[in-house]
Number of protein chains: 6
Amino acid sequence: MPYIKIEVTREEVTREKKQQLIKGVTDLITNILNKDPHLTHVVIQEIELDDWGYAGEQVSVLREKGITADKK
Amino acid sequence: MPYIKIEVTREEVTREKKQQLIKGVTDLITNILNKDPHLTHVVIQEIELDDWGYAGEQVSVLREKGITADKK
Amino acid sequence: MPYIKIEVTREEVTREKKQQLIKGVTDLITNILNKDPHLTHVVIQEIELDDWGYAGEQVSVLREKGITADKK
Amino acid sequence: MPYIKIEVTREEVTREKKQQLIKGVTDLITNILNKDPHLTHVVIQEIELDDWGYAGEQVSVLREKGITADKK
Amino acid sequence: MPYIKIEVTREEVTREKKQQLIKGVTDLITNILNKDPHLTHVVIQEIELDDWGYAGEQVSVLREKGITADKK
Amino acid sequence: MPYIKIEVTREEVTREKKQQLIKGVTDLITNILNKDPHLTHVVIQEIELDDWGYAGEQVSVLREKGITADKK
């Protein structure tokens, strides 16, 4: 019975990426834990940039300063 | 001090149904646990169909295939 | 696809009461929303009294002062 | 590694107030726990008034009756 | 800035499996969303079998009846 | 109606620190949002070091390597 919640800032998370996240996380977790996928739910929650704070600053402010969360 | 979060796909959950959920869950839980309703909060969070995954598929895709979550 | 989380202070929530909560909440929500119970998960999370704060005070401190959350 | 989620009814929580919440909560928690702010994330989630229940009633109904959550 | 919460029943989730979950989910999500892993936190929460309800029944009761969540 | 959840690794978070967190967060949020403290709940959830992943690694492993989350 896994339930997975993915919270991520709302920045170009397309329908296709969401489907990849759901398929990938479900496969991974059901394989590692040997769980029936029909008992596995994944919920994605996009968070507005004004609503996520990192190191005391709104992500919207960080982005305005040119600071991204991109992989290096 | 109960706090209850109800996550459900956004599919015709009317204001009236939400009120029924809030009243019903509050009554049920405060009765079983003998809690003061003024210490009991219920939060409903509707999730877009692209954002809920079941068995590795987006619910929006399942609905397009005619697969519902209706009670049988 | 409902998922319900019930957070409550750890105060004599017996196995029987948990079963009543799970059965009651599942019946209520699947009836109001016309959902298949096999797509409905309920998770109960008990919280230690030191870990729940109400009006700025730990519940453990409130209980020491004789302040309960009992229904009146 | 703290992660903090703030759920609040959607009632005039301006961008400035959100920034104050994020800065204030981050400072407070990293000071008390001596944590690196770069490992500290704060997420604010505004909840519609129809979706928050208190004492068995929707907050939207309470507000229509003139009952507020204002500090006295 | 992803934050991921994995809730799963407490059934032989070893330290090694947890590490696999954390590594796998982090890799997957940071790849799909092109995110810096240093901004990615994963939290696993194991739930006691008395505390997880499925289709209105405690998982502990389902297990006593020989009903598992194993992949077929 | 704010509800605040603080998730933090289980590392010497004493009863006194918890009380400071609860008092501090409640004061801060009720002041910024002008909310009645009696409608404000704070829940602290300590997470075992094996259960929190950062940058793809268990915090327990990071700590064994001497990597802390301490403020610099």
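Analyst: Helices (H or I, at least four residues) and strands (E, at least two) are DSSP runs numbered from the N terminus. Axes are lines fitted to C-alpha atoms, for helices over the stretch in contact, and angles run from 0 to 180 degrees between N-to-C directions. The model is predicted: local features need pLDDT of at least 70, side-chain atom pairs count only at 80 or more, and totals for chains, interfaces and linings use all residues. Residues are numbered from 1 along each chain, chains are lettered from A and ligands numbered from 1 as written, and side-chain values use heavy atoms without hydrogens or water.

User: At what angle do H1 of chain D and H1 of chain F pack?

Analyst: Two packed helices are described by the angle and the distance between their axes. Here H1(D) and H1(F), each spanning residues 15-33, pack at about 165 degrees with axes 10 Å apart. H1(D) is therefore roughly antiparallel to H1(F) (over 145 degrees). Residues that meet (heavy atoms within 4.5 Å) include D:Leu21, D:Gly24 and D:Leu28 from H1(D), and F:Leu21, F:Gly24 and F:Leu28 from H1(F).

User: What rotation superposes chain F on chain B?

Analyst: Two copies of a chain are related by a rotation about an axis and a shift along it. For chain F on chain B, the rotation is 180 degrees, the shift 0.0 Å and the RMSD 0.0 Å (least squares on C-alpha atoms with pLDDT of at least 70 in both). The two copies are thus related as by a two-fold rotation axis.

User: How many residues do chain A and chain E give to their contact?

Analyst: Each of chain A and chain E gives 36 residues.

Definitions and conventions
Angles under 35 degrees count as roughly parallel, over 145 as roughly antiparallel, 65 to 115 as roughly perpendicular and the rest as oblique.
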